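Subject: Handover of a structure

Dear colleague,

Please find the sequence and the structure below.

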Amino acid sequence: MKLTKRQFQFIINCDVEQMIEFLMKEQGKSMVEAFDIVYNSTIYQKLTNEKTGLYLQSPEYIYDYLQEEMLSNKQQ
């Protein structure tokens, strides 16, 4: 089943909302910091690319990848 552009965007928005909440609750980030982290991540780029299929995963699963990216960026 092919998603419409609107359905795809809705899924992305829900995933982003959840990741923002996780960053705020688990890492004490402000809402602005959390949005900045998510929207400037390579995970967001992959999430918004329908070909990767990442949008089909749970927000928790995607958040785990975001955390790995954040850790990797800290170590550089």
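Helix H1 (residues 5–27) and helix H4 (residues 59–75) have axes that come within 10 Å and cross at roughly 55°. The model is predicted, so local features need pLDDT of at least 70 and side-chain atom pairs count only at pLDDT 80 or more, while totals for chains, interfaces and linings use all residues. Residues are numbered from 1 along each chain as its sequence is written, and side-chain values use heavy atoms, with hydrogens and water left out.

Some terms first. Helices are DSSP runs (H or I, at least four residues), numbered from the N terminus. Axes are lines fitted to C-alpha atoms, for helices over the stretch in contact, and angles run from 0 to 180 degrees between N-to-C directions.

H1 and H4 are therefore oblique to each other; angles under 35 degrees count as roughly parallel, over 145 as roughly antiparallel, 65 to 115 as roughly perpendicular and the rest as oblique. H1 passes H4 in a right-handed crossing (the near helix is turned clockwise from the far one by less than a right angle). In contact, meaning heavy atoms within 4.5 Å, are residues of H1 including Phe 22 and Leu 23, and residues of H4 including Tyr 63 and Leu 66. The residues of this contact of H1 with H4 divide into 8 nonpolar, 3 polar and 3 charged. Here Ala, Val, Leu, Ile, Met, Phe, Trp, Tyr, Cys and Pro count as nonpolar, Asp, Glu, Lys and Arg as charged, and the others, Gly among them, as polar.

H1 also packs against H2, at an angle of about 125° and with the axes 9 Å apart. That makes H1 oblique to H2, and their crossing is right-handed. Val 16, Met 19, Ile 20, Leu 23 and Met 24 are the H1 residues that meet H2. The contact of H1 with H2 comprises 11 nonpolar, no polar and no charged residues.

Lastly, Ser 41 lies in the loop between H2 and H3. Ser 41 is buried, with a relative accessible area of 3% (buried means under 20%, exposed over 50%, partly exposed in between, with a 1.4 Å probe and protein chains only).

Yours sincerely

Notes: Helices (H or I, at least four residues) and strands (E, at least two) are DSSP runs, numbered from the N terminus.
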